[in-house]
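Visitor: I am new to this structure. Please take me through one part of it slowly.

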Amino acid sequence: MQHEAHAHHQHSDHIAHGGHEAHAGHGGHDGHTPGKASWAMAAKATLHCLTGCAIGEVLGMVIGTSLGWGNAPTMVLAIVLAFFFGYSLTFWAVVRAGLTLKAAVGVALAADTLSITVMEVVDNGVLLLVPGAMDAHLTDALFWGALAFAFLVAFVITTPVNKWMIGRGKGHAVVHQYHH
């Protein structure tokens, strides 16, 4: 699907960004070539992922709690919404950059799947390990404190994963191809 997205760039875009060679390894523009991933770039990609995950998880927990659901269905809803919002942030950004809807779905899946998966496994794992966190209510300081701690741990663990992916021209390196 990534190749379909390349068809939507103007030839002048290729010339302005160093010719076709810049796309050969799918490394992206603005110096985001494979092997050149910085910690700042990885942190920015992780923060992007964390934003979508946080929106989805908090919304899922609010909905599940409001409906009186138990921990398991609430957690499932929160995870589904975390993926939805995580993918959505990337999807709409690349659609605004000119990709077709089909190409944007492919880019979002390629850019975010591993990052969101790691983020969700880590932050939900942390929540399960914090005593009382799963039984805390939205009005409890323990709920928000445990959630903030879980997101912090997930950010710290997911950032090297994103650095590794970007360094290989994967993950958010795919998205950077479409930022002009």
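Visitor: Which residue takes a positive phi just after H4?

Guide: That residue is Gly68, with a phi of about 75°. This is a predicted model, in which local features need pLDDT of at least 70, side-chain atom pairs count only at pLDDT 80 or more, and totals for chains, interfaces and linings use all residues. Residues are numbered from 1 along each chain as its sequence is written, and side-chain values use heavy atoms, with hydrogens and water left out.

Start with H4 itself. Helices are DSSP runs of H or I, at least four residues long, numbered from the N terminus.

Now its partners. H4 and H6 have axes that come within 10 Å and cross at roughly 50°. Axes are lines fitted to C-alpha atoms over the stretch in contact, and angles run from 0 to 180 degrees between N-to-C directions. H4 is therefore oblique to H6. Oblique is what remains after roughly parallel (under 35 degrees), roughly antiparallel (over 145) and roughly perpendicular (65 to 115). The crossing of H4 with H6 is right-handed: the near helix is turned clockwise from the far one by less than a right angle. H4 and H7 come within 8 Å, axis to axis, and cross at roughly 140°. So H4 is oblique to H7 too. That crossing of H4 and H7 is right-handed.

H4, H5, H6 and helix H7 (141–167) each supply at least two lining residues. A pocket is an open set of points on a 1 Å grid where a 1.4 Å probe fits, with protein on both sides within 12 Å along at least five of seven lines; lining residues have an atom within 4 Å of a point. The largest pocket holds about 330 Å³ of space. Its lining has 20 residues, and those closest to the centre are Thr65, Asn71, Thr74, Met134 and Ala136.

Methods
Grid points are joined across faces, edges and corners, and a volume is the space filled by probe spheres set on the points.
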